[in-house]
Amino acid sequence: NADLVVDSISMYSISPDTHSLSFDGVDDYVIIDNPSNMTIGTMITLEAWIKWSPTTPLHYQSIISKRNDGNSYVLAISNSGKLVYYSGGQYESEIELNANEWSHVAIVVESNVNINLFINGVNVNTFTGGTIHSNNAPLTFGVNYYAFNNLGLTGNACEWFYGNISQIRISDNKRYESDFSPNTTFPTDENTIGYWNFNEGS
C-alpha cells in the first residue's frame, strides 16, 4: 500500500463497487518508498486503468514512475496524448489515447528483446530491444518525482497527472504478447509484485 498521499487527492465513484483516485494535475501524487520487490530482472509489465484529461498547454503526464539520475522505468502520456514507456530511451504508441474516457494501458518489456505497448488490449506499437533500468528511487504515481524532489523543478516539468487512476499492477513477467480483453479488476498471482486498487471511499 502507499505510504503517503500528498495534498488532497479525491475519491470518485466509477461504478457502484469501484472508485478511483483523482489527480488535479498541479500537486497531487502518491509515493511508495522503494519497495524491496521492485528490483526488476529481464521482464516487466506496467499497467493501469486511467482516465486522463489534457492540459493547457499540453505536457507529459506520469502514471507510474521509478526514476533517478540515469536510471528509470516510467509509464506516461506524452504531450501529444500518446502512451509512453521510458527507460534509457523513449518508446511511444502510434495512436493517441482518448481523453476523458476510461482506458486500460499497458507496457510489456523483455529486456534486450522487445517492448510492446497496449491501449485497451490492442497492440499499438512494438519495438525491438529496449531495457529495464532498475533503481533505488521511490515508486510514485502521478508525478516525475525526481524532477520534483531532486531537481527542484516546478509546474509542467514535474509531469503531474491530470485525471483519475483506479488500479495499477506491476508484474515481473510478460503478461501480454498479443491483443487481449482487459480485466476490469486485475487479478493477482505469483508474478504480481505490486498491486494497488483505489477502491476505498464513496
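Are Tyr-29 and Tyr-145 buried or exposed? Both residues are buried, a term for a relative accessible area under 20%, with exposed meaning over 50% and partly exposed in between (1.4 Å probe, protein chains only). The model is predicted, so local features need pLDDT of at least 70 and side-chain atom pairs pLDDT 80 or more, while totals for chains, interfaces and linings use all residues. Residues are numbered from 1 along each chain as its sequence is written, and side-chain values use heavy atoms, leaving out hydrogens and water.

**Aromatic pairs**

- The structure holds 14 aromatic pairs, counted for rings of Phe, Tyr and Trp (its six-membered ring) with centres within 6.5 Å; planes under 30 degrees apart are stacked, over 60 edge-to-face and the rest tilted.
- Tyr-29 and Tyr-145 form a tilted pair, at 5.8 Å centre to centre and 50° between the planes.
- Because Tyr-29 lies in strand β4 (residues 29-32) and Tyr-145 in helix α1 (residues 145-150), their pair ties together parts 116 residues apart in sequence.
- Helices (H or I, at least four residues) and strands (E, at least two) are DSSP runs, numbered from the N terminus.
- The pair of Phe-141 and Trp-196 is edge-to-face, because the ring centres are 5.0 Å apart and the planes stand at 70°.
- Both Phe-141 and Trp-196 are buried.
- Ring pairs link Tyr-29, Tyr-145, Phe-148 and Trp-160 into a cluster.

**Surroundings of Val-108**

- Val-108 belongs to strand β10 (residues 103-110) and is buried, with a relative accessible area of 0%.
- Leu-46 is 62 residues from Val-108 in sequence, yet their C-alpha atoms are 6.7 Å apart.
- Beyond residues up to four places away in sequence, the contacts of Val-108 (heavy atoms within 4.5 Å) include Ile-44, Phe-118 and Tyr-176.
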